[in-house]
2 protein chains.
Amino acid sequence: MDRVKQAQEDSTDTATQILDVAERLVQVRGFNAFSYADVAGELGLTNAALHYHFPSKPELGEALIARYAIRFMGALAEIDESFSDPLQKIDAYTGLYAGVLRSQRMCLCGMLAADYETLSTGMRGAVVDFFEGNERWLAEVLKQGRDDGTLDFPGSPLEEARSIVSGLEGAMLIARSMGEIKRFKSAATHLMTALRP
Amino acid sequence: MDRVKQAQEDSTDTATQILDVAERLVQVRGFNAFSYADVAGELGLTNAALHYHFPSKPELGEALIARYAIRFMGALAEIDESFSDPLQKIDAYTGLYAGVLRSQRMCLCGMLAADYETLSTGMRGAVVDFFEGNERWLAEVLKQGRDDGTLDFPGSPLEEARSIVSGLEGAMLIARSMGEIKRFKSAATHLMTALRP
DNA sequence: GTCTATAGGCAGATAGAC
DNA sequence: GTCTATCTGCCTATAGAC
């Protein structure tokens, strides 16, 4: 876990470079469709060097999710600081997803949700935690919006939050295959529209 | 393609049994996380026997999607015959997805959408066709519902159809990881609620 | 149609030199 | 920290006997 912190501070660190390449490969191809050799090849390293930094593939996977989750939660904290209007917060939230999709990638944890049955227990827990963190943040924003009258929706804030996270992940998943970011934008707008009182 | 037809008529046919096992493995683990040996082992056959029926893995993959798409479109035709009310049709449509999830599986094409970048061009085209077929059918139902006043939604029927397909696929993807079918049901209900005038 | 046998390659992982 | 060298195992795929 110290390695994760260090990686955020020094972007030329080898461990960081490994995480960067591996992250992209997982987001594009999936956890079971990339190899240590793929990453090593891109960085001009050997297979063995990677194993020094991340002894096993599941450990690499857990480090990937940990870093991704920290970054994502950090982005949510920035949104909280930048906006007070709940609708603007949610708009910024969908923007995070759009940014990922724009780089031709799927959400890391969305991809890992597809690979879920083949993951180690450590990776599984981390994926679940990621989604629960997203839902908690979003539910809080929704609650705030309902309280101040800027948002309206049926059911509980948590249920609505779950529907939104599902909708965004599904829209990313399909938009990537269909080759149109427009499809994602349309789905995101649709989810936002449904929140207007 | 003749093999697909034959497979639907004779469920003891070896090709059919291969497709059955491979289909489940793809839906649970993903296309890159199952092997010919996995399928052969379950059926008490050898690797070589599978290659006789499906010479290469991409060809097996294309046969899987072809059969899945035929079955799914058949189910949509049955819905059209069974119901005339658009809302009931859509309820039955979400029921198809719920049935897949209930058997601990992800939608075949939703899973393949995650694996998309690693698929052959033939498989990619078949996945896209599957989603477009779904969207077309759903858009037609939505149009019918808007025309007869039983449904209301913002934007075009096709845009709404795409949002619904995305929402259902995303809900399946996440509900499977979170281990709660309830989550899917909740999301499906949410999508239906939004269609009421 | 299914088998045995096998090819050729790539996977994740380790030992030991530098 | 990174290398070379190597292990073991699994992968897709094929040849040829039955």
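The model is predicted, so local features need pLDDT of at least 70 and side-chain atom pairs count only at pLDDT 80 or more, while totals for chains, interfaces and linings use all residues. Residues are numbered from 1 along each chain as its sequence is written, chains are lettered from A and ligands numbered from 1 in the order in which they are written, and side-chain values use heavy atoms, without hydrogens and water.

Student: By what turn can chain B be laid on chain A?
Tutor: Copies are superposed by least squares on the C-alpha atoms of residues with pLDDT of at least 70 in both. The RMSD is 0.0 Å, and the shift along the axis is 0.0 Å. The two copies are thus related as by a two-fold rotation axis. The turn is 180°.

Student: Which residue of chain B has the C-alpha nearest the axis?
Tutor: The C-alpha in question lies 1.8 Å from the axis. It belongs to Gly170(B).

Student: What area is buried between chain B and chain A?
Tutor: Buried area is the accessible area (1.4 Å probe) that two parts lose on being put together, summed over both. Carbon and sulfur atoms give 63% of it. The total is about 3,200 Å².

Student: Which residue of chain A forms a salt bridge with Arg183(B)?
Tutor: A salt bridge is a side-chain nitrogen of Lys or Arg within 4 Å of a carboxyl oxygen of Asp or Glu. The count between the chains is 2. For Arg183(B), the closest N and O atoms are 2.3 Å apart. The partner is Glu135(A).

Student: Which helix gives the largest share of the side of chain B that touches chain A?
Tutor: Helices are DSSP runs (H or I, at least four residues), numbered from the N terminus. Helices that each supply at least two residues include α8 (121-148) and α10 (181-193) of chain B. The largest share is 15 residues, and it comes from α9(B).

Student: Which element gives the largest share of the surface near DNA strand C?
Tutor: Elements giving two or more residues include α3 (36-43) of chain A. The largest share is 4 residues, from α4(B).

Student: Which residue has a polar side-chain atom 3.3 Å from a base nitrogen of DNA strand C?
Tutor: Phe34(A) places a backbone N or O atom 3.5 Å from a phosphate oxygen. The base nitrogen is approached by His51(A).

Key
A polar contact is a pair of N or O atoms within 3.5 Å; within protein, one must be able to donate a hydrogen and the other to accept it, and residues adjacent in sequence count only if both atoms are side-chain atoms.
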